[in-house]
Amino acid sequence: MSPRISWEGVFPAVTTQFRDDLSLDIDATAGVMDRLIRDGVSGLIICGSVGENTSLERKEKIAIMEAAKSVAAGRVPVLCGIAEFTTAFAVETAKEASRVGIDGIMVMPALVYSSKPHETAAHFRAVACATDLPVMLYNNPPIYKNDVTPDILVSLADVETVVCFKDSSGDTRRFIDTRNKVGDRFVLFAGLDDVIVESVAMGAAGWVSGMSNAFPREGETLFRLAKQGRFAEAMPLYEWFMPLLHLDARPDLVQCIKLCEHIMGRGTWLTRPPRLALLPHEKAEVEAMMAAALKVRPALPDVGLKIAA
């Protein structure tokens with residue numbers, strides 16, 4: 001029997017916080033998680049691309065899992081990213097997530113190696129079959145150079161633990177193509193910030209969001225407006241948000257998102273090498289973009305968002 005899930009809404013790809021010496025700051029990372037939950041997000045993705053997964057040691061990933069489990073305390077589901085170089089390493093990390101009690105895992109294709117479609121499918125199958133946790137498959141061909149096509153999803157439809165598909169290709173036609181191939185077999189999630197309204201219109205039930213780290217209430221409100229079909233109300237918010245959402249599609253998205261988060265007083269801008277700080281002119285551009293946005297930050301329509309005190 002497939003694992004039962006209720007994943008929907010905005011799941012920020014939580015940033016990992018570092019001290020000035022670039023050591024892991026687990027307390028600050030836990031604080032970021034708690035504040036996001038209090039601001040009304042629907043779930044958390046830890047150790048994803050924005051969480052700098054591949055810059056973390058195994059023990060650090062486990063520490064973040066444990067912190068997330070403790071902080072969430074059942075308030076929202078928590079998924080852990082699995083981004084490893086080999087299938088064996090990915091299986092080991094998935095087993096640690098299960099041991100800690102994480103609610104699910106988000107599995108990326110094996111990194112560095114540009115695999116053939118049947119190899120991508122085999123990697124996903126091996127990881128998913130090694131765990132009882134519900135699995136979200138992650139497609140981001142512009143970054144990871146492996147395209148998880150609808151045909152690959154068809155080949156994995158028999159794997160009961162695979163329950164969700166996150167697409168960051170930017171091609172919203174994928175949601176329709178996937179449904180035409182496998183019906184409602186998988187819960188569909190959007191993974192690219194600047195096509196979120198279009199993705200919801202095409203059937204996305206959730207959004208793994210980068211910029212919602214800095215603007216969680218705006219992100220969750222935008223998603224819910226689109227989900228409720230309130231597009232006339234969604235469009236002014238989407239137009240305001242779009243310049244910032246475009247940052248999620250850049251190669252230096254992590255640096256951009258963490259800088260915006262820092263400007264909002266929510267975290268540090270520090271990233272681990274090979275990710276280096278934005279160049280001065282890039283930093284100035286993002287700061288100017290944020291300053292312009294904050295001058296005209298819109299009032300948010302009521303979408304039933306629950307904000308904790």
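**Figure 1. Helix H11 passes helix H12 in a right-handed crossing.** The model shown here and in the following figures is predicted. The contact involves Cys256, Leu259, Cys260 and Ile263 on the H11 side, and Lys283, Val286, Glu287, Met290 and Leu294 on the H12 side. Of these contact residues, 7 are nonpolar and 2 are charged, while no polar residue takes part. Two packed helices are described by the angle between their axes and the distance between the axes. Helix H11 spans residues 253-263 and helix H12 spans residues 280-295; their axes come within 10 Å and cross at roughly 50°. Because of this angle, H11 is oblique to H12.

**Figure 2. A salt bridge joins the side chains of Asp39 and Arg217.** The N to O distance of this pair is 2.7 Å. Arg217, with a relative accessible area of 36%, is partly exposed.

**Figure 3. Asp147 and Arg174 form a salt bridge.** The closest N and O atoms of the two residues are 2.7 Å apart. Asp147 sits in the loop between helix H5 (141-144) and helix H6 (150-155), and Arg174 sits in helix H7 (residues 173-182); the pair, 27 residues apart, links distant parts of the chain. Here Arg174 is buried, with a relative accessible area of 13%, while Asp147 is partly exposed at 29% relative accessibility.

**Figure 4. Arg173 is paired with Asp171 in a salt bridge.** Between these residues, the closest N and O atoms lie 2.8 Å apart. Arg173 has a relative accessible area of 56%, so this residue is exposed, the limit being over 50%. Asp171 counts as partly exposed, at 23% relative accessibility.

**Figure 5. Asp34, Arg38 and Arg75 belong to a network of salt bridges.** A search of the whole structure finds 20 salt bridges. Among them are the pairs Asp39 with Arg217, Asp147 with Arg174, and Arg173 with Asp171.

How values were computed:
Residues are numbered from 1 along each chain as its sequence is written. This is a predicted model: local features need pLDDT of at least 70, side-chain atom pairs count only at pLDDT 80 or more; totals for chains, interfaces and linings use all residues. Side-chain values use heavy atoms; hydrogens and water are left out. A salt bridge is a side-chain nitrogen of Lys or Arg within 4 Å of a carboxyl oxygen of Asp or Glu. Buried means under 20% relative accessible area, exposed over 50%, partly exposed in between (1.4 Å probe, protein chains only). Helices (H or I, at least four residues) and strands (E, at least two) are DSSP runs, numbered from the N terminus. Axes are lines fitted to C-alpha atoms, for helices over the stretch in contact, and angles run from 0 to 180 degrees between N-to-C directions. Angles under 35 degrees count as roughly parallel, over 145 as roughly antiparallel, 65 to 115 as roughly perpendicular and the rest as oblique. A crossing is left-handed if the near helix is turned anticlockwise from the far one by less than a right angle, and right-handed if clockwise. Contact means heavy atoms within 4.5 Å. Ala, Val, Leu, Ile, Met, Phe, Trp, Tyr, Cys and Pro count as nonpolar, Asp, Glu, Lys and Arg as charged, and the others, Gly among them, as polar.
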